[in-house]
Amino acid sequence: MATGRDVAERAGTSTAVVSYVFNNGPRNVSPATRERVLRAAAELNYRPNALARALSAGKTLSVGLIVPDIANPYFGEVSRALETAATAAGRLLLIADSAGSEEQELQQLSSFIERRVDGIVLVSVSDDPQLGFVAEAGIPIVALHPLDLDQPASSLTIDYDHAAEEATQHLVGHGYRTIGLLNGPTDSAGSRQHAAGFTRAILRSPGVEASVRRSETSRGDAARVSLDWLASDDRPRAIYVATDEQAFGVLYAAAELGLRVPDDLAVVGFDGTAHSRYAVPSLSTVQQPIPELATRAIEVLIAAADAHVHETLPHRFVARRSCGRHGEVADGDAA
């Protein structure tokens with residue numbers, strides 16, 4: 001494998017000049033000399049060490065991503081979108097799965113600090129994650145969910161509160177008089193906002209009764225909770241679910257109990273994963289702008305401004321068959 005010294009010898013110059021050419025400085029190189037160096041590099045099939053160049057500039061050109069469960073389709077789609085955005089920006093994305101553990105999340109944050117990543121994108125398992133030590137290390141961090149403004153980090157999110165209210169109100173509009181909320185764990189990111197939006201919609205709807213259950217953010221645990229809930233005498237006519245992954249568990253439970261969706265039970269999810277279109281029946285959901293969130297997250301980390309960024313991106317409510325037969329139908333879905 002050719003080295004910078006090999007290129008310098010063939011071009012008749014110094015290794016320092018070769019470095020100036022491939023690093024665009026810090027000293028100027030005449031056009032003729034630059035041409036000789038580039039020609040020599042091409043003849044020798046020389047490839048400069050990207051990591052060495054990055055470290056010399058105090059960068060590793062890498063971004064860390066931490067998600068609670070990479071097997072969850074939403075986090076898989078987020079990871080893919082971030083990979084695309086990071087690659088376009090000349091960055092390498094490193095992915096860590098916290099497995100729903102706050103302790104493991106903290107360990108992964110520490111590992112990313114040790115590896116000197118240039119920034120971290122976080123989907124936390126906690127509503128109030130510990131991020132002070134990341135800020136002290138000088139590494140910018142962006143959370144892809146609601147974050148208290150006193151946190152030493154940026155946040156990019158949709159308006160969970162308003163989205164939950166909109167989805168619940170859609171169920172009210174179908175005429176359902178008993179509506180449930182299947183939320184995530186009490187201290188999970190976004191759970192407060194889901195509850196607030198749901199409650200506001202119920203309070204604005206006289207005669208509508210509400211009930212609330214919680215499950216882990218997995219279809220398995222959601223199915224377990226829903227099997228008990230839907231078999232009870234007070235099962236709701238409709239359920240707003242905090243994630244698509246949990247909504248798939250609700251659909252499973254309904255099928256196991258012989259309940260028809262939406263004739264016996266209406267269901268609305270949250271996240272808008274590609275899988276939601278192909279559920280049986282197709283799942284109504286709040287769609288997050290995943291590509292836009294990913295692109296903006298990489299932009300914020302690269303800018304690494306002193307002031308933290310807190311931005312709310314637009315969401316979209318996608319009405320499909322699971323919420324009722326008389327709702328609007330999403331673009332591209334069968335009527």
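Before you start: residues are numbered from 1 along each chain as its sequence is written, and side-chain values use heavy atoms, with hydrogens and water left out. As this is a predicted model, local features need pLDDT of at least 70 and side-chain atom pairs count only at pLDDT 80 or more, while totals for chains, interfaces and linings use all residues.

**Exercise 1. How do the axes of helix α2 and helix α3 cross, and which residues meet there?**

Step 1: Find the helices, which are DSSP runs (H or I, at least four residues), numbered from the N terminus, while strands are E runs of at least two. Helix α2 covers residues 15-23 and helix α3 covers residues 31-43.

Step 2: Take the axes, meaning lines fitted to C-alpha atoms over the stretch in contact, with angles from 0 to 180 degrees between N-to-C directions. They come within 10 Å and cross at roughly 90°. That makes α2 roughly perpendicular to α3 (65 to 115 degrees; under 35 is roughly parallel, over 145 roughly antiparallel, the rest oblique).

Step 3: List the contacts (heavy atoms within 4.5 Å). From α2, Val17, Val18, Val21 and Phe22 meet Thr33, Arg34, Val37, Leu38 and Ala41 in α3.

**Exercise 2. Which residue does Arg10 form a salt bridge with, and where does the pair sit?**

Step 1: Apply the criterion: a side-chain nitrogen of Lys or Arg within 4 Å of a carboxyl oxygen of Asp or Glu. The structure holds 13 salt bridges.

Step 2: Arg10 pairs with Glu43, with the closest N and O atoms 3.1 Å apart. This pair links distant parts of the chain, from Arg10 in helix α1 (residues 4-11) to Glu43 in helix α3, 33 residues apart.

Step 3: Check accessibility (buried is under 20% relative accessible area, exposed over 50%, partly exposed in between; 1.4 Å probe, protein chains only). Arg10, at 48%, counts as partly exposed, and Glu43 is partly exposed at 49%.
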